[in-house]
Amino acid sequence: MKIRFRRWPTGLAAVLLAVGAVTLPVQDAYADVEVSTQSVKGADGKDYTVTNHLVKSALEKSQSDGKRKEWLLVWAGDENIADTVVPDVRNLPGSLGGGVGKATNALPGPDFLAVIDATPGSPGYGEVVNTITVGPLVENEPHHMQYVWHKGDTIYAGALFGAATYAFDVTALPNVKLKGISLPTQTLGGSVPDAYWVLKDGTAYATYMGGPVAPGPYRYDDGSVHIGNGFAGSPGEVVRFDENAKVLSQSPAATPGGDNEKLCANLPRLGEPTCANPHGIQAREDLNTLVTADYVEPRNIILDPVKAPSPYLRRPTVRTWDISDRNHPKLKAVSYLPDGPRADPNDPLHQESRAVMETTVTNLPGHKGAFAQTMQGGAVFYTPDITAAEPRWRQVFDDGTANPGFDAANDRNGGSSNGGWIQTSPDDRFLYRAIVGRQPGTFGPDDPGTTGGVYVLDISKLVGAGDDYKCSIDTKQEAEHGGAEADCPTLAGATPINPGKPGAGPHWGAYDNFVLGPDGFYQETQQPQRLAVSNYFVARSGLDGDHKVNIVSLGKDGSVSVDGEFRDEVTGEVGVNFNRRSWPHGEFGNAKPHSELFVVADGDVK
């Protein structure tokens, strides 16, 4: 079914139209926007839609040089009053009435994929060419997609609050189609979808960080039964999807006897305490091994901005899985990351091991290692062999060492650096890391916070050392200035994002795995030349951001610098600003860009 409008309605009319309550005539406002809607049936029998809003003038401008295009796809949420009043809630007592005026549009609007011209030197470089809104669900809180896209891959995109997974067809960019959608009723064993890893057969694994949709016992596909404390609680699971977001299996992240009760709090409390809240996910198919990082029991962070819950709701654990049977991942080991030299028994929230948000695997044959990073702990850990029965992890870097690379005024305390994205380069030489920075006041009223940004580590010696690596961050001196051992990672480059603005750096990123070949077609590369990063976490957690997306250039030596040519089409400032009044889909105001991918139309890549 295809529906055409000349402009998407705004405000309450848009909400009513999205849920199918009313059909309205649409006023002419964007004469050069071509709008088309495509729908698929969900498991509940309802229509779920994507609507392309292709800006013809922007596309013509991009294509005027006659070259094939590379696109940056950004999964973004509409900002509304529930996001903008969080600071007021934190500052109670007081009136929330003033918060209404802070939102450009208080009512929920459609969430969307933005398609941005990311072709260096293009006449339309940095311009939004299309926005693809999703419906009828609103307030999805768009979160992550997969870490890297390869030709032919479905794009999997998660709805953090809606517990839905969208499967997008991007073969004909800049237009996008919906291949399918997974609703909460298809994943009753978990909630709060986070990240995705696409396998060579086109299917994907996904982490569902939150607990079963309904509290109580749940029987998983492997026959095991685990008791959960409900939606956005614990324990989470790993889901396998086909290319259309049909659920193939659900595998519990919980262990039969539970996890360490002292280190793994649950609210409400569970009879068998668990840290099983998988967030980051990456796999080595050649090693039949999957690695997931436990981050947090999500509802007590995302939905409770008034007080700080127990620090033990943030997790210190990494899980490894046997995926010899692709459809039935089997949990092999739960590893507890060690505390480091900054550990303060009076401040467990900022111990190096706390809040293991992401993990990233090595890539080359002969390498079996993986890295993990902590958001509140501000540290990077390494294991040389993810296939081991009990992988041994050691801290090999501290964010405090990189802090002065962002701003000479930064201190060298890596605690609460709010680091998010971490990724090995395809050739295993570098490790890329995005840092929001420490928010002012974290360690007391006189704490100025720290500027965040992107840093790159040279990990070649560490990875090359195999099982015999020596690096270990054991002292405060090493935490602040880098490891003493010869094979420790070294800082290859660092660049600030939002210089001089503490706690306003990037949360997420993606590397560009394409280069334009001499024949005019794109091909994949083992040596990325740039990254894209987005400055947004989750507003309702109290950690928001300025909603900009930047491109960062990479030198062959790992040096980094912000691409000054990637500019906002409205303001002319460096970086694409998602805080704007108008979009191709209407005047919905500010949006929240969480994740991004470099993608090329199938016909333009070899």
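**Figure 1. An open sheet of six strands in the predicted model.** The strands follow the order E1-E2-E5-E4-E3-E34, and their pairing is antiparallel. Strand E1 (33-41) and strand E34 (591-599) stand at the edges; each has a single partner strand, so one side of each is left without a neighbour in the sheet. On average, neighbouring strands of this sheet are turned by 20° against each other, direction ignored.

**Figure 2. Pairing of E1 with strand E2.** E1 and strand E2 (residues 47-55) are joined in the antiparallel sense over nine bridges. Thr-37 has Thr-51, in E2, as its bridge partner.

**Figure 3. Helix H2 lying across strands of the sheet.** Helix H2 comprises residues 56-63. The strands that helix H2 lies across are E1, E2, E3, strand E4 (112-117) and E5. Relative to E2, helix H2 runs at about 60°.

**Figure 4. The aromatic pair of Trp-75 and Tyr-166.** In the whole structure, a search finds 19 aromatic pairs. For Trp-75 and Tyr-166, the ring centres are 5.7 Å apart and the planes stand at 70°; the pair is therefore edge-to-face, since planes over 60 degrees apart are classed in this way. Trp-75 belongs to strand E3 (residues 71-78) and Tyr-166 to strand E7 (residues 164-169), so the pair ties together parts that are 91 residues apart in sequence. Both Trp-75 and Tyr-166 are buried. Ring pairs also link Trp-75 and Tyr-166 with Phe-168 into a cluster.

**Figure 5. The aromatic pair of Tyr-147 and Trp-508.** The ring centres of Tyr-147 and Trp-508 lie 6.0 Å apart, with the planes at 45°, so the pair is tilted. Tyr-147 is located in the loop between strand E5 (128-135) and strand E6 (155-159), whereas Trp-508 is located in strand E27 (residues 508-511); the pair therefore ties together parts that are 361 residues apart in sequence. Tyr-147 has a relative accessible area of 3% and is buried. Trp-508 likewise counts as buried, at 2% relative accessibility.

**Figure 6. Arginine side chains over aromatic rings.** The charged end of Arg-68 is placed over the ring of Phe-521, at 3.7 Å from the ring centre. In a second example, the ring of Trp-583 has the charged end of Arg-580 over it, 4.7 Å from the centre of that ring.

Key:
Residues numbered from 1 in each chain as written. Predicted model: local features only at pLDDT ≥ 70, side-chain atom pairs only at ≥ 80, totals over all residues. Heavy atoms only, no water. Phe/Tyr/Trp six-rings, centres within 6.5 Å; stacked < 30°, edge-to-face > 60°. Helix = DSSP H or I, 4+ residues; strand = E, 2+ residues; numbered from the N terminus. Buried < 20%, exposed > 50% of the residue type's maximum accessible area, 1.4 Å probe, protein only. Lys NZ or Arg CZ within 6 Å of the ring centre and 35° of its normal. Pairing = 2+ DSSP bridges. Axes fitted to C-alpha atoms, helices over the stretch in contact; angles between N-to-C directions. Contact = heavy atoms within 4.5 Å.
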